[in-house]
Amino acid sequence: MELLIVRDRRIDYDGSAIGSHWAYRNFGILGNSLVVFRGRCDVKVEEMIDIEDLRASKEIKSDDMVHYIIEVFDLVNALFASALQKLFIAKLCEVLAEYGIKTTRKGDDIYVNGKKLSISIATVSPVSVKIHIGINVEAKGIPEGVDAIGLRELGITEVENFMETTGKALVEEFNKVKKDSLKVRWAQ
């Protein structure tokens, strides 16, 4: 899996990056990829993937997030997409623990002290699995009624270092899983 961390500019997440080949179209990365960037989040209704959120007319937005856009071509399956999403969320919880932050995972979201730190969605396109994970840098611009928290409130102020650390950890975890899947033989 190729890792790209965008440091030179901010990219706002509007939901369109969940489309297939986004990394290839925008950065020339062909194949399995993880692109990490920072920017606002404001998912438009026409880009919402989660039908439950769509039906409830939930707003998905934040003024400042670290975004992870993952695309995997190996197995295009909704169950695999959801399992991979939860694996990455669990890995992010492990990395946050290394920063001394106690987290709780509820499904595919990360909470700290009962406050929501992340958003996430997993889906499939005709050619790939797509996952978006967003972590609040600051809990600003959050929809009314959402009790949220951000990295800065947790003492993580070196956001670029966090992007690098977490990006590498997610790629390493994916590559370990892929390697483990390749080194076993069929049971007879």
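Colleague: Why is F27 called partly exposed?

Modeller: F27 has a relative accessible area of 24%. Buried means under 20%, exposed over 50% and partly exposed in between (1.4 Å probe, protein chains only), so 24% puts F27 in the middle class. Keep in mind that this is a predicted model: local features need pLDDT of at least 70, side-chain atom pairs count only at pLDDT 80 or more, and totals for chains, interfaces and linings use all residues. Residues are numbered from 1 along each chain as its sequence is written, and side-chain values use heavy atoms, leaving out hydrogens and water.

Colleague: And what about W22, buried or exposed?

Modeller: W22 is buried, because its relative accessible area is 8%.

Colleague: What makes W22 and F27 an aromatic pair, and which kind is it?

Modeller: Rings of Phe, Tyr and Trp (its six-membered ring) pair if their centres lie within 6.5 Å; planes under 30 degrees apart are stacked, over 60 edge-to-face, and the rest tilted. The count by this rule is three aromatic pairs. For W22 and F27, the centres are 5.5 Å apart and the planes stand at 70 degrees, so this pair is edge-to-face. Together with F37, W22 and F27 form one aromatic cluster.

Colleague: How do you know that K106 lies over the face of Y111?

Modeller: The rule asks for NZ of Lys or CZ of Arg within 6 Å of the ring centre and within 35 degrees of the ring normal. K106 lies over the Y111 face, at 4.5 Å from the ring centre.

Colleague: Why are β4 and β6 placed at the edges of their sheet?

Modeller: The open sheet runs β4-β5-β6 with antiparallel pairing. β4 (104-106) and β6 (115-116) each have a single partner strand, so one side of each lacks a neighbour in the sheet. Strands here are DSSP runs of E, at least two residues, and helices runs of H or I, at least four, numbered from the N terminus.

Colleague: What makes β4 and β5 a pair?

Modeller: Two strands pair if DSSP finds at least two bridges between them. β4 and β5 (residues 109-112) have three bridges, in the antiparallel sense, and R105 stands opposite I110 in β5.

Colleague: Why is β7 described as largely enclosed?

Modeller: Five of the seven residues of β7 (residues 118-124) are buried, so the rest of the structure largely encloses this strand. A hairpin of four residues joins β7 to β8.

Colleague: Why is T166 called buried?

Modeller: T166, in helix α4 (residues 159-182), is buried because its relative accessible area is 0%. Beyond neighbours within four places in sequence, T166 is in contact (heavy atoms within 4.5 Å) with Y68, L92 and V95.
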